[in-house]
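Hi everyone, thanks for making time. Let me put the model up on the screen, and then I'll walk you through a few spots in it.

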Amino acid sequence: MTRKMAQQKEVTNKVEWKIKVADGSSKDLVPESEPAGRAWLGIQGLITGLVLKVGKFFKKSRDIAEDDPRKVIHCLKVGMALTVVSLFYYMRPLYEGVGRNAMWAVMTTVVVFENSVGATLCKSLNRACGTLLAGSLAVGVHWIANQSGEKIEPYVNGASVFLLASAATFSRFIPTVRARFDYGAMIFILTFSLISISGYRVEKLLRMAHLRLSTIAIGGFMCILISILVCPIWAGKELHLLITRNMDKLAYSLDGCVAEYFNNSGIPMEKLQGYKCVLNSKATEESMANFARWEPAHGHFKFKHPWRQYLNLGASMRRCAYCIEALNGCINSENQVPESLKQQFNGVCLRLGSVSSTVIRELAITMKTMKKSPKIKYLVKEMKNSVQELHNEVGYLPNLPAPPSSTEAIIPLVEVIPIATVASLLTEVAARIEDIAGATEELAKLAKFKPAVEKIPPH
C-alpha cells in the first residue's frame, strides 16, 4: 500500500506540459537540462570550435608552404643562423671571449635576416655602419665630457644626445636617406643613446664598444653568408620576373577586354582583371629595386645593373593599365552601342587589340630572354597602321546612315559616343604601349642585352 502511494505521489509531483501544433495534435515539452549539463555542452562547443580553428590554421599554413616553398626554406635558414650564433652562449671558450655581449649577435640575426639577399645585406650593412659611427662618436663625446670636469660632464653628455639624436631623426625625413639608410639612422640613434648613458657609468667604455661591435658583425656576417650560400633569393631576379609576369597579364587583359566588348567571349573575370596586379605592384617594385642595388653580381645581372630603369618601365606599364581599366569599364556600361555599329568597328578594333597585345608579349619575351627582339620595330609599326585604320573608320561616323528601323537620317550622337570612347581608349593604349617599348629598349641598352638570333627554318 505504501509503495502504491509513493508512486502516485511521484506522478502527481511531475508536471507535464503539452502544446498544440499546426495539424491539431499535441506535443510534449521537454524540460531544460540542469546548469551542469548546459555548462558541459558549452565546453564541448568551445573545444570543437577551437579544434576547427586550429585545423583551419594548419591547412592555411600548408597551402602557403605549397604555394611558395621558399618561405619554408627561409624559416629553416633563420633557424640555422640563430643556432650558429647561439654557440657563443652554449660553448664555454666562445662565451668567455665575448661574455654577455653574445646576445647582440642573436639580436642582430633576428632583426636583419630577411627573405632576400638584398634586404639582408641592406639591413646588415646599415646596422654595422650605424653601430660603428654611433660608437665612435659616443667614445669621442665621452672623452670630451671626462676632460670637462665632473660638473660639466652630465651637460655635455645630455647635449650630445639631444643634438645628434635630433639630427639623425631629421635625416630620416630626407627621401634619399629614408629609401636606403632609414634603418641605419634608427640604429645610430639607439646605439649612441645606449652607449652614452652606459658610458657615463662604465669605465671600460672602449672594450664594451669593441665587444658589442664585434658580436654585431658576427651576427650580420652569419646572416649574409647563409642568405647567399643556402638557396639564395635575389631581389633583383624577383623584380625582373615580376615585370615580366606583369607584361603577360597586361597583354592578356587587353586581348580579353576587346574580345569581351565586341564578341561577349565569356572570358573569366579574374583573367580579364589581370591589369590590377600591375596597378598594385608599385610599392613592391620600389622595395625590390632598392634591395637589388645592395646585391652583388649574380646570374645575368652584372654589377651596377640599371635597376632604376625597371621603375620607369613599371610606371609606363601602370599608365597603360589605367587605360585598360577604363576600357574594361566600357564592357558593362549602361550606354551600349547598337549591334550594327558595333559590328562595323568589330574588325578594326579587334585587329588593333590583337596587334597591341602582341607587342606587349614580344616585349615580355625580350625581358625573359634578356635579348633584343628584331620583331619589335615591325610590330610597333603594324600597331601604328592599325591605329590609323581606326582613325579613318571613326572619321566616317558623322556620315553613317541610320538603320532602316530608325526615323532619323543619320545615327544619333548619343549612340556614337560609346564606340568613339572605346576607339579613343584603344588609341591611347597603343600610345602607352609605345612608351613601354621605349622603356624596354632603354633598359636593353643600359643592361647591354644581346641581339636575339633568328632561327632560319630548314628548306
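Let's start at Thr-191. Setting aside neighbours within four places in sequence, Thr-191 touches Thr-131 and Ala-134, where contact means heavy atoms within 4.5 Å. Thr-191 sits in helix 8. Helices here are DSSP runs of H or I with at least four residues, strands are runs of E with at least two, and both are numbered from the N terminus. Is Thr-191 buried or exposed? Its relative accessibility is 9%, so it counts as buried. Buried means under 20% relative accessible area, exposed means over 50%, and partly exposed is in between, using a 1.4 Å probe and protein chains only.

Before I go on, some housekeeping. This is a predicted model, so local features need pLDDT of at least 70 and side-chain atom pairs count only at pLDDT 80 or more, while totals for chains, interfaces and linings use all residues. Residues are numbered from 1 along each chain as its sequence is written, and side-chain values use heavy atoms, with hydrogens and water left out.

Now, the cavity. Rolling a probe the size of a water molecule over the atoms shows where empty space is left. The structure has one cavity of 30 Å³ or more. By cavity I mean a set of points, on a 1 Å grid over the protein atoms alone, where a 1.4 Å probe fits but cannot get out; lining residues have an atom within 4 Å of a point. The largest cavity holds about 60 Å³ of space; grid points are joined across faces, edges and corners, and the volume is the space filled by probe spheres set on the points.

Which residues line it? Thr-191 is one of them, and the others include Thr-131, Trp-104, Arg-127 and Arg-212. Helix 6 (117–147), helix 8 (175–199) and helix 9 (205–229) each supply at least two lining residues, and helix 8 gives the most, with four. The lining splits into five nonpolar, two polar and two charged residues. For that count, Ala, Val, Leu, Ile, Met, Phe, Trp, Tyr, Cys and Pro are nonpolar, Asp, Glu, Lys and Arg are charged, and the others, Gly among them, are polar.

Next, Cys-349, in helix 15 (residues 339–369). Cys-349 has 0% relative accessibility, so it's buried too. Beyond its neighbours within four places in sequence, Cys-349 is in contact with Val-258, Phe-262, Leu-390 and Leu-426. Glu-389 is 40 residues away from Cys-349 in sequence, yet their C-alpha atoms are 9.2 Å apart.

Over to Val-337, in the loop between helix 14 and helix 15. Val-337 and Ile-417 are 80 residues apart along the chain, with 8.5 Å between their C-alpha atoms. Leaving out neighbours within four places, contacts of Val-337 include Tyr-261, Glu-415 and Pro-418.

Last, the whole chain. It has 17 helices and four strands, and buried residues make up 39% of its 459 residues. Among contacts with a separation of 6 or more, 76% come from residues 24 or more positions apart.

Note on methods: On a 1 Å grid over the protein atoms alone, a cavity is a set of points where a 1.4 Å probe fits but cannot get out, and a pocket is an open set with protein on both sides within 12 Å along at least five of seven lines; lining residues have an atom within 4 Å of a point.
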